Amino acid sequence: MNKKIYLGVVVLMMAFTACQNSPKKTQEEAEPVAKIWTKEQAQAWQNENGWLRGSNFNPSTAINQLETWQAESFDTATIDRELGWAENIGMNCMRVYLHHVAWEVDKDGFKGRMDKYLDIADSHGIKTIFVIFDDCWNPTYHAGRQPDPKPGVHNSGWVRDPGDLLYEDSTLVDELEVYVKDVLTTFKDDKRIALWDLYNEPGNSNYGNRSMPLLKKVFDWGWEVRPSQPLSAGVWNLSLSDLNKFQVENSDVITYHNYEGPEKHQAAIDTLKLYGRPLVCTEYMARRNNSLFTNIMPILKKEHIGATNWGLVAGKSNTKYAWDEPISDGSEPPLWFHEIFHTDGKPYKQEEVDLIKSLTLGE
């Protein structure tokens, strides 16, 4: 185990110990914690849902969350076709990002499109993990037509939510509260939804602990609604110790990201298992990093951990290109970073699809 992984394990174990040994609180002080599921509730959820396995999904015709959800670009034909390919290889869960601006422009229409998406996914036997906030990629955004992809650039048009605007408009947080509560209340008992991922990679884009207030707020808002589905926010960076501690101590089920090879991924699993809650890996599989279907997905199945890789179909998001290795002429990368299928449904690697099907068969 290298030094970085060792230190990360120590940080999480310290958080676990502090949680176990914390003094008794008064009823008033403990009220937010009472909103969190018991371990028994979390285990019952896992028993009901079985082994979740799938991809992070946005249709290949969408460059970002807004193009996915805005009325003029909501592409049900592509969604249906591509989720059919996922169904055919035994996938049963997709992780899908939302964006508050699409709701802000057309609240009822946005929720109607969410419902339509869920109908399509359900017709393919696929449950959904919805992601609410996100600290990754471009800091600003706008409604309407979205930018064209930059050739060969990974996620060139992906946008944060709420991004830098949170620090520029003091009234935005009030709008975000209404948004979160509206969406959660509308779908709070929807069996087509497996989990609410409240905040993707808080602290990314050099925000660090600046993301802590919104992270705490979105959990508070979630607890006020208290949907029947679990609430979580995945740990992803070992150096963000304050955020990590809050996330693992306040999630109904524990979610995490790991793009490392088998040894480091197993070390993360062994640490997170100490919390005694079901685990879902909501991002993995970066071929260049030796995070592969062949060496990671079997571990996740054996450990009964939800397995949600990044990327289903290569498309406008350009995530077949590596994070930091742009190819300016947009030519084919020598090794796809993410994704399983070409836009015509042909697998990038048939042997990967065969492996996935062998692991999902009979599940």
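Some ground rules come before the tour. Residue numbers start from 1 along each chain as its sequence is written, and side-chain values use heavy atoms, leaving out hydrogens and water. Since this is a prediction, local features need pLDDT of at least 70 and side-chain atom pairs count only at pLDDT 80 or more, while totals for chains, interfaces and linings use all residues.

Let's start with the whole chain. The protein has 14 helices and eight strands; these are DSSP runs, with helices being H or I of at least four residues and strands E of at least two, numbered from the N terminus. Its radius of gyration is 19 Å, close to the 21 Å from the globule rule for 363 residues, so the protein is as compact as a globular protein of that length. (That radius is taken over C-alpha atoms, and the rule is 2.2 Å times the number of residues to the power 0.38.) Along the principal axes, the C-alpha atoms fill a box of roughly 60 × 45 × 40 Å. Buried residues make up 56% of the 363, where buried means under 20% relative accessible area, exposed over 50%, and partly exposed in between, with a 1.4 Å probe and protein chains only. Among contacts with a separation of 6 or more, 76% link residues 24 or more positions apart; a contact means heavy atoms within 4.5 Å.

How far can you trust it? The mean pLDDT, which is the predictor's confidence in each residue from 0 to 100, is 93, and 91% of residues reach 70 or more. Where pLDDT is low, the predicted coordinates should not be read in detail.

Now for the sheet. It is open, with eight strands in the order E5-E4-E3-E2-E1-E8-E7-E6 and parallel pairing; strands pair if DSSP finds at least two bridges between them. The edges are E5 (231-232) and E6 (254-257), each pairing on one side only. Further in, E1 (residues 53-56) and E8 (residues 306-310) run parallel and are joined by four bridges, with Asn56 partnered by Trp310 in E8. E6 and E7 also pair in the parallel sense over four bridges, and Tyr256 stands opposite Cys281 in E7. Five of the five residues of E7 (residues 279-283) are buried, so this strand is largely enclosed by the rest of the structure.

Helix H10 (residues 212-225) lies across E3 (127-134), E4 (193-200) and E5, running at about 150 degrees to E4. (Axes are lines fitted to C-alpha atoms, for helices over the stretch in contact, and angles run from 0 to 180 degrees between N-to-C directions.) Arg210 sits in the loop between E4 and H10 and is partly exposed, at 47% relative accessible area.

Most residues other than glycine have a negative phi, and most peptide bonds are trans. The bond from Asp161 to Pro162 is cis, with omega near 10 degrees, and Pro162 lies in the loop between E3 and helix H8 (165-168). Trp137 is placed in the loop between E3 and H8 and has a positive phi, near 75 degrees. Asn290, in the loop between E7 and helix H13 (293-302), has a positive phi near 65 degrees.
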